[in-house]
Amino acid sequence: MSSALKVVAAVVALGLLATPTWAIGITNGDFGLGLTGWSAPFGSVSVVGGWAVLDESTAITRLEQQFVIPGSAVSLSFDYALVFAPGELTGGPPDSFTASLLGPTPPYNPLRSTPGYSDFFYEDSSGSQSYDSSIVTVVGSTVTLDLSGLSGQDALLSFDLFGYDDGYVAQAKVDNVKTTESVIPEPITAVGISLTLAAAGMYARRRRS
Ligand SMILES: [Ca+2]
């Protein structure tokens with residue numbers, strides 16, 4: 001390695017040490033590698049049958065991942081399932097599941113959310129859902145969040161299960177967490193077609209002449 005290259009390598013190494021760098025896009029969003037890439041700072045989270053499972057073990061069970069929103073990402077989506085098994089004290093508010101997209105450092109301001117809340121998706125044990133339909137679509141068990149304008153930003157994706165004495169023991173399951181990138185039209189192919197058509201036209205004209 002030349003001395004110039006060594007200097008470059010040292011600068012790059014220092015840069016890596018100085019600033020935390022997160023992966024671009026979601027890592028291990030299908031949980032095929034267990035909880036690799038994810039952290040579970042509160043409560044009990046495990047991987048069962050290919051799903052990340054948040055159990056109502058404490059007041060808050062959380063599964064989160066820091067990542068960089070890809071430059072061409074247009075949306076973030078995940079599959080979820082909520083299970084509420086009878087058999088608990090009653091009298092409290094309903095257990096609830098939320099998904100949030102936050103800035104990755106304090107004060108963790110939401111990057112996208114339901115107005116007045118920090119999450120972009122909410123569902124509780126009464127079956128009540130809350131989300132802003134201008135940024136979130138829910139089709140069956142798949143939730144999709146619009147990421148327009150957030151390209152390249154550092155983000156913290158957080159799934160939370162809030163447990164209360166509502167008569168049910170809750171479980172929230174999450175799978176297939178991913179960002180989807182825009183489908184870029186193929187100008188080269190379009191140009192290729194028009195060139196081919198132009199060439200065919202020229203050929204036809206030449207035959208007529
Ligand atoms: Ca409960």
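This is a predicted model: local features need pLDDT of at least 70, side-chain atom pairs count only at pLDDT 80 or more; totals for chains, interfaces and linings use all residues.
View 1. Numbering starts from 1 along each chain as its sequence is written. You'll find 2 helices and 13 strands in the protein (DSSP runs numbered from the N terminus: H or I of at least four residues for helices, E of at least two for strands).

**View 2. The largest nonpolar core, 38 residues in all.** Such a core is a set of buried Ala, Val, Leu, Ile, Met, Phe, Trp, Tyr and Cys residues joined through C-beta atoms within 7 Å. Leu101, Ala172 and Val174 have the most contacts inside this core. Among the strands that each supply at least two of its residues are β3 (51–55), β6 (96–102) and β13 (168–181).

**View 3. Around alanine 172.** Skip the neighbours within four places in sequence, and Ala172 is in contact with Leu54, Tyr80, Leu82, Phe97, Phe159 and Leu161 (contact: C-beta atoms, placed from the backbone, within 7 Å).

**View 4. β12 and its partners β4 and β6.** Strands pair if DSSP finds at least two bridges between them. β12 runs antiparallel to β4 over 9 bridges, with glutamine 65 bridged to leucine 157 of β12. β6 also pairs with β12 in the antiparallel sense, over 7 bridges; there, serine 100 sits opposite serine 158 of β12. β12 itself is mostly covered, with 7 of its 9 residues buried.

Methods:
A residue is buried if 20 or more other C-beta atoms lie within 10 Å of its own, exposed if 12 or fewer, and partly exposed in between; C-beta atoms are placed from the backbone. Two residues are in contact if their C-beta atoms, placed from the backbone, lie within 7 Å.
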